Amino acid sequence: MPTQLLENTDTYIEPPHAIETATSSSEPQESTLGNSKTIDPNAIILAQTLTDTAISWRIHNCKISKKTVTQELPMLFLYHYDSLDDAIKQVHPLTPALLAQFNTPMTAEAAAKLIGITGDLLASPWHVKVIGSLVVFSEALQLAVRLHWTNTGKSTQQLYTKSATEAVTAAFKDWQFFGRIDVLYKNDKQTLISINEQAEGDEPLFTIEPSSDYQFLPATHALVVIAKLEADKAELPWFETAILERLE
């Protein structure tokens, strides 16, 4: 019986075939990589294993580290003007003075005064930026991976909705993984590796050694894992379920 990998979680024992499934699905098609690096045929490949739907992955400690949901942030004047109805634009066409302010950040109230209209004719978008993290783990593999997620790579995402709740819901229709990845691996029976076949000058093969502490995955390898997760995200519903539940 595998020892419990994470504290404060219900122990979950996967079927005996779980490790075999991960091993076979992660087995590389070639035994060498790049400069004749030999790959252990029994090694677990991180990106492939994380997206293997035959493994009963569980989510632990999904949390929000930063949350901005407000209508008070300024944005470029051009975005305010573009949000106007066409009928209002015809009455208040662009002038050289307005064009000169296109890249000036301002509130909706300030933009309305500049255009010469009442504030109720210019909607204020919700600015949404949420950053969080979660840990996905498998007791059978003795593997846990900490990932980070957000609704946008920009400073905020602007959404025209009636309420803050609707804005957050709309913002997370296209959420994404990003940033650093930390790996906790306690299995000394199988080698865990990450492969970056596009690495130029960097190590294309990275071995994650068994340890009782999280290890930082090099940035080039983190990008490979994130790309694989994003490509297969529709087949991995447990991530979105955990994130949406946390946002409620």
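Biologist: How much space lies in the second largest pocket?

Modeller: Rolling a probe the size of a water molecule over the atoms shows where empty space is left. Here, about 230 Å³ of space lies in the second largest pocket. A pocket is an open set of points on a 1 Å grid over the protein atoms alone where a 1.4 Å probe fits, with protein on both sides within 12 Å along at least five of seven lines. Its volume is the space filled by probe spheres set on the points, which are joined across faces, edges and corners. This is a predicted model, in which local features need pLDDT of at least 70 and side-chain atom pairs count only at pLDDT 80 or more, while totals for chains, interfaces and linings use all residues. Residues are numbered from 1 along each chain as its sequence is written, and side-chain values use heavy atoms, leaving out hydrogens and water.

Biologist: Which residues line the second largest pocket?

Modeller: Lining residues have an atom within 4 Å of a point. Among them are Leu 73, Pro 74, Met 75, Tyr 79, His 127, Lys 154 and Tyr 160. The lining divides into 5 nonpolar, 5 polar and 1 charged; Ala, Val, Leu, Ile, Met, Phe, Trp, Tyr, Cys and Pro count as nonpolar, Asp, Glu, Lys and Arg as charged, and the others as polar.

Biologist: How many salt bridges does a search of the whole structure find?

Modeller: Side chains of opposite charge can pair when their charged atoms come close. The search finds 5 salt bridges, each a side-chain nitrogen of Lys or Arg within 4 Å of a carboxyl oxygen of Asp or Glu. Arg 180 pairs with Asp 182, with the closest N and O atoms 2.7 Å apart, and Arg 146, Arg 180 and Asp 182 are linked in a network.

Biologist: Is Asp 182 buried or exposed?

Modeller: Buried means under 20% relative accessible area, exposed over 50%, and partly exposed in between, with a 1.4 Å probe and protein chains only. Asp 182 is buried at 4%, whereas Arg 180 is partly exposed at 43%. In another salt bridge, Glu 230 and Lys 233 have their closest N and O atoms 3.0 Å apart; Glu 230 is partly exposed at 28% and Lys 233 is buried at 16%.

Biologist: Which residues of helix α9 are buried?

Modeller: Helices are DSSP runs (H or I, at least four residues), as are strands (E, at least two), numbered from the N terminus. In α9 (residues 237-247), Phe 239, Ala 242, Ile 243 and Leu 247 are buried. Seen down the axis, they fall within an arc of 135 degrees, so they line one face of the helix; the arc is that of the directions from the helix axis to the C-beta atoms. The buried residues of α9 pack against elements including β4 (58-70), α7 (164-171) and α8 (219-231), contact meaning heavy atoms within 4.5 Å.
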